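This briefing covers one protein chain, grouped by topic. The structure is shown first, and the notes follow.

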Amino acid sequence: MTIRYIASSRLPTPWATFTMHGFEDEATGKDHIALTLGDVGDGEPVLGRVHSECLTGDALFSMRCDCGYQLMEALRRIAEEGRGVLLYLRQEGRGIGLLNKIRAYHLQDQGADTVEANERLGFAADMRRYDLCLPMLNHLDIQALRLMTNNPRKVNALTDEGIDVVERVGLTTGLNPHNEHYLSTKAGKLGHMMALGDFTPAENPSNKRKP
């Protein structure tokens with residue numbers, strides 16, 4: 001795999017002004033970004049998140065999942081700490097793409113859970129790749145992560161790629177009536193380390209902003 005660094009720029013957000021680094025996967029032509037804050041190359045473990053693209057949750061405020069809530073909470077925590085990294089990977093719908101995700105949502109509307117819907121469409125429950133993370137982190141001189149995730153498979157996948165994950169930090173936010181079954185399925189069928197009682201309720205995005 002060849003991940004090519006393209007350019008960096010400032011990215012002001014409601015939580016902090018991050019530095020945005022652009023990368024291209026030359027094999028697929030997909031673009032990926034990393035957001036950094038503070039000195040992430042000093043050798044100390046970095047608070048971080050590997051976040052896969054979710055257009056519906058991240059940009060359209062969908063309440064069917066917890067993705068958008070996790071994205072905002074991760075950025076808020078990094079800003080609060082004053083140092084961290086978020087890798088934003090373009091692999092929508094756990095790797096099946098946006099249009100297939102809509103097809104999966106249609107099956108969920110008819111009663112399938114998130115795993116069953118993917119499988120009925122002929123996909124695995126999770127088709128995401130993490131081999132592109134290591135060259136991105138190497139470019140940023142990040143040697144170890146305190147990874148914000150509920151997913152032990154993600155920890156194992158990153159570790160298998162040679163990334164030093166020194167701590168898993170739970171990220172439980174965004175519970176609402178529309179995603180309760182989805183979250184239960186992630187815990188029950190995908191092994192996510194969380195319980196509904198761990199979650200904070202969904203909030204308006206404006207409540208996450210700095211005054």
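## Helix 7

The buried residues of helix 7, which spans residues 152–160, are Lys154, Val155, Ala157 and Leu158. They line one face of the helix, because seen down its axis they fall within an arc of 165°. The model is a predicted one.

- The cover over the buried residues of helix 7 includes strand 4 (46–52), helix 6 (133–139), strand 6 (144–148) and strand 7 (164–169).
- At the start of helix 7, the backbone nitrogen of arginine 153 has a side-chain oxygen of asparagine 151 within 2.9 Å.
- Glycine 162 follows helix 7 and has a positive phi, near 95°.

- Seven strands form an open sheet with mixed pairing, in the order 1-2-3-5-4-6-7.
- Strand 1 (3–12) and strand 7 are the edge strands, each pairing on one side only.
- On average, neighbouring strands of this sheet are turned by 25° against each other, direction ignored.
- Strand 2 (residues 17–25) pairs with strand 3 in the antiparallel sense, over six bridges.
- Methionine 20 has leucine 35, in strand 3, as its bridge partner.
- Helix 7 packs on the sheet, where it touches strand 4, strand 6 and strand 7. The direction of helix 7 makes about 170° with that of strand 7.

## Salt bridges

Side chains of opposite charge can pair when their charged atoms come close.

- Arginine 90 and glutamate 53 form a salt bridge, with their closest N and O atoms 3.1 Å apart. This pair links distant parts of the chain, 37 residues apart. Arginine 90 is in the loop between strand 5 (84–89) and helix 3 (92–95), and glutamate 53 is in the loop between strand 4 and helix 1 (55–59).
- Arginine 90 counts as partly exposed because its relative accessibility is 35%, whereas glutamate 53 is buried, with a relative accessible area of 16%.
- Glutamate 73 forms a salt bridge with arginine 76, and the closest N and O atoms are 2.7 Å apart. Both residues lie in helix 2 (residues 67–81), three residues apart, which is about one turn of the helix.
- Glutamate 73 is buried at a relative accessible area of 6%, and arginine 76 is partly exposed at 25%.
- Glutamate 167 and arginine 146 form a salt bridge, the closest N and O atoms being 3.2 Å apart. Glutamate 167 lies in strand 7 and arginine 146 in strand 6, so this pair ties together parts that are 21 residues apart in sequence.
- Glutamate 167 is partly exposed, with 37% relative accessibility; arginine 146 is also partly exposed, with a relative accessible area of 22%.

## Glutamate 44

- Glutamate 44 lies in the loop between strand 3 (31–37) and strand 4. Its relative accessible area is 49%, so glutamate 44 is partly exposed.
- Leucine 145 is 101 residues from glutamate 44 in sequence, but the two are 8.7 Å apart in space, C-alpha to C-alpha.
- Leaving out residues up to four places away in sequence, glutamate 44 touches Arg83 and Ala144.

Key. Residues are numbered from 1 along each chain as its sequence is written. This is a predicted model: local features need pLDDT of at least 70, side-chain atom pairs count only at pLDDT 80 or more; totals for chains, interfaces and linings use all residues. Side-chain values use heavy atoms; hydrogens and water are left out. Buried means under 20% relative accessible area, exposed over 50%, partly exposed in between (1.4 Å probe, protein chains only). Helices (H or I, at least four residues) and strands (E, at least two) are DSSP runs, numbered from the N terminus. The arc is that of the directions from the helix axis to the C-beta atoms. Contact means heavy atoms within 4.5 Å. A polar contact is a pair of N or O atoms within 3.5 Å; within protein, one must be able to donate a hydrogen and the other to accept it, and residues adjacent in sequence count only if both atoms are side-chain atoms. A salt bridge is a side-chain nitrogen of Lys or Arg within 4 Å of a carboxyl oxygen of Asp or Glu. Two strands pair if DSSP finds at least two bridges between them. Axes are lines fitted to C-alpha atoms, for helices over the stretch in contact, and angles run from 0 to 180 degrees between N-to-C directions.
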